[in-house]
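Hi,

Here is the structure I promised to pass on.

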Amino acid sequence: MKSKLKQAGILPWVILAIALGIAAGFVFPDWLSRIFVTFNDLFSQFLSFSIPLIIVGLIVPAIADLGRGAGKWLGITAALAYGSSLFAGFLTFLAAKAIYPSIISADDGFTVSDENEALTGYISDITIPPVFGVMTALVLAFVIGIGLSLAPRGVIRKGFVEFREIITSLISKVIVPLLPLHIFGIFLNLTSTGNIGPIIAAVAKIVVFVLVLEVIILGTQYGVAGAIAKKNPFKAFATMLPAYFTALGTSSSAATIPVSLRQTLKNGVSRTVASFVVPLCATIHLAGSMSKIIAFAMAIIVMNGLSVSTSALVGFVFMLGIIMIAAPGVPGGAIMASVGLLASMLGFDDASLGLMIATYIALDSFGTATNVTGDGAIAMVIDKMAKGDAIEATENVEGFHDKAEFDAETYMKSVS
């Protein structure tokens with residue numbers, strides 16, 4: 001039983017935390033609720049401290065790996081992954097701008113940060129200031145990452161690779177395990193203030209919106225890939241469905257690599273290209289995850305009546321695409337890597353960030369399924385472009401092996 005819960009990941013715990021938080025909000029006395037609110041206050045402080053470190057720890061080695069002299073196909077694949085993520089992001093942004101005003105609004109009574117109604121914690125004078133701000137972290141990560149990509153591999157790059165391991169462990173072993181308790185406190189507070197009803201109604205509408213968008217995203221990806229590779233896009237997409245459903249069950253791109261690789265080969269992609277592109281894109285191609293984050297971020301902006309300019313949202317989409325490339329391959333890694341941008345560029349407070357994390361993880365498997373299925377489309381494009389050109393899979397994605405903890409040869413053997 002314990003092993004089954006471990007295999008299921010964080011999702012069941014998040015769902016349980018949401019359900020228990022809502023139930024407890026109706027019955028807990030204020031003094032008991034304030035204990036969990038106090039934990040949330042301290043956890044939010046720790047999260048704010050960690051965000052700049054997460055940005056530097058993930059982005060620096062990611063840029064350094066992309067810029068190494070590993071061959072042009074690494075850069076081309078990364079560019080296609082980034083372009084695909086941008087397409088998903090801007091499609092979601094434009095669709096949300098057009099549709100959200102008719103399905104959700106600030107008049108729904110949803111306000112996660114109503115200081116007059118929300119409970120307060122017992123400890124309010126403890127602050128954990130970050131070492132530096134989010135934008136400073138982003139600029140610093142770009143400067144150091146680009147510098148390392150141009151310099152010979154040495155001790156500094158190795159140090160940042162090891163720092164990435166520290167940050168990945170921080171996310172997977174500290175932050176993510178504590179998220180269910182944090183989410184429990186958020187929904188407990190929301191229920192006690194009477195805001196939970198509008199939230200559930202709004203989230204249900206947004207879930208349908210996201211699922212429809214992901215079908216459109218995959219349809220576009222395979223339509224373009226089929227046109228370039230001169231293959232039937234419907235047949236190619238149908239071939240990749242086992243990978244889609246595997247990802248729904250595992251909620252892990254890395255765990256789905258064997259199935260993705262097998263189905264990509266069935267689509268006629270050469271073994272060399274498939275063994276290079278599929279493991280690499282499992283780490284850097286997160287179009288589905290990007291669509292989810294933007295969809296729920298736009299919903300919170302509308303329902304909270306936040307004043308965010310179009311130029312700020314456009315800049316957020318571009319920056320989020322870069323963050324997605326650097327996001328770690330751990331449960332909740334994409335949303336944890338993006339919270340800094342949500343806070344600094346969109347002005348989200350702790351309660352809004354907590355709601356973003358909860359809704360993202362609750363739908364994590366659908367985003368992951370979209371991510372890995374889209375990898376097959378990118379592989380088809382690269383295979384068409386790389387005819388007659390050699391691609392060294394294991395050498396070119398060495399840096400991403402460190403990040404996602406996979407080995408191309410192991411996965412090739414698993415599908416042989």
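A quick word on terms before anything else: a helix here is a DSSP run of H or I at least four residues long, and a strand is a run of E with at least two. With that in mind, residues 196-224 come out as 100% helix and 0% strand, with 42 Å between the end C-alpha atoms. Please keep in mind that this is a predicted model.

I picked that stretch from the UniProt record, an unreviewed entry, which lists residues 196-224 as one of its "transmembrane region" features. Others in that record include 49-67, 79-100 and 131-150. I checked 131-150 as well: the chain there is 85% helix and 0% strand, and its end C-alpha atoms lie 27 Å apart.

Next, the packing. The largest nonpolar core has 86 residues, and the members touching the most others are Y100, F187, L342, L346, F348, M356 and I357. Helix α6 (residues 155-192) supplies the largest share of this core, with 13 residues. There is also a second, separate core of 31 residues, with L280, A377, I378 and A379 among them.

Beyond its neighbours within four places in sequence, L342 contacts A297, F316, I335, G347, F348, L353 and M356.

Now the rings. I found 8 aromatic pairs in the structure. In one of them, F36 and F184 have ring centres 4.9 Å apart and planes at 70 degrees; anything over 60 counts as edge-to-face, so this pair gets that label. F36 belongs to helix α3 (residues 30-66) and F184 to helix α6, so to speak a link between distant parts of the chain, 148 residues apart. F184 is buried at 11% relative accessible area, while F36 is partly exposed at 21%. Ring pairs also join F28 to the cluster that holds F36 and F184.

Y100 turns up again here, paired with F209. Their centres are 5.0 Å apart with 55 degrees between the planes, which makes the pair tilted. This one also links distant parts of the chain, 109 residues apart: Y100 is in helix α4 (residues 72-103) and F209 in helix α7 (residues 196-229).

One last thing to look at: the charged end of K292 sits over the ring of Y360, 3.8 Å from the ring centre.

Cheers

Conventions
Residues numbered from 1 in each chain as written. Predicted model: local features only at pLDDT ≥ 70, side-chain atom pairs only at ≥ 80, totals over all residues. Heavy atoms only, no water. Core = buried A, V, L, I, M, F, W, Y, C linked by side-chain atoms within 4.5 Å. Buried < 20%, exposed > 50% of the residue type's maximum accessible area, 1.4 Å probe, protein only. Contact = heavy atoms within 4.5 Å. UniProt positions renumbered as here; feature names shortened; annotations may be inferred. Phe/Tyr/Trp six-rings, centres within 6.5 Å; stacked < 30°, edge-to-face > 60°. Lys NZ or Arg CZ within 6 Å of the ring centre and 35° of its normal.
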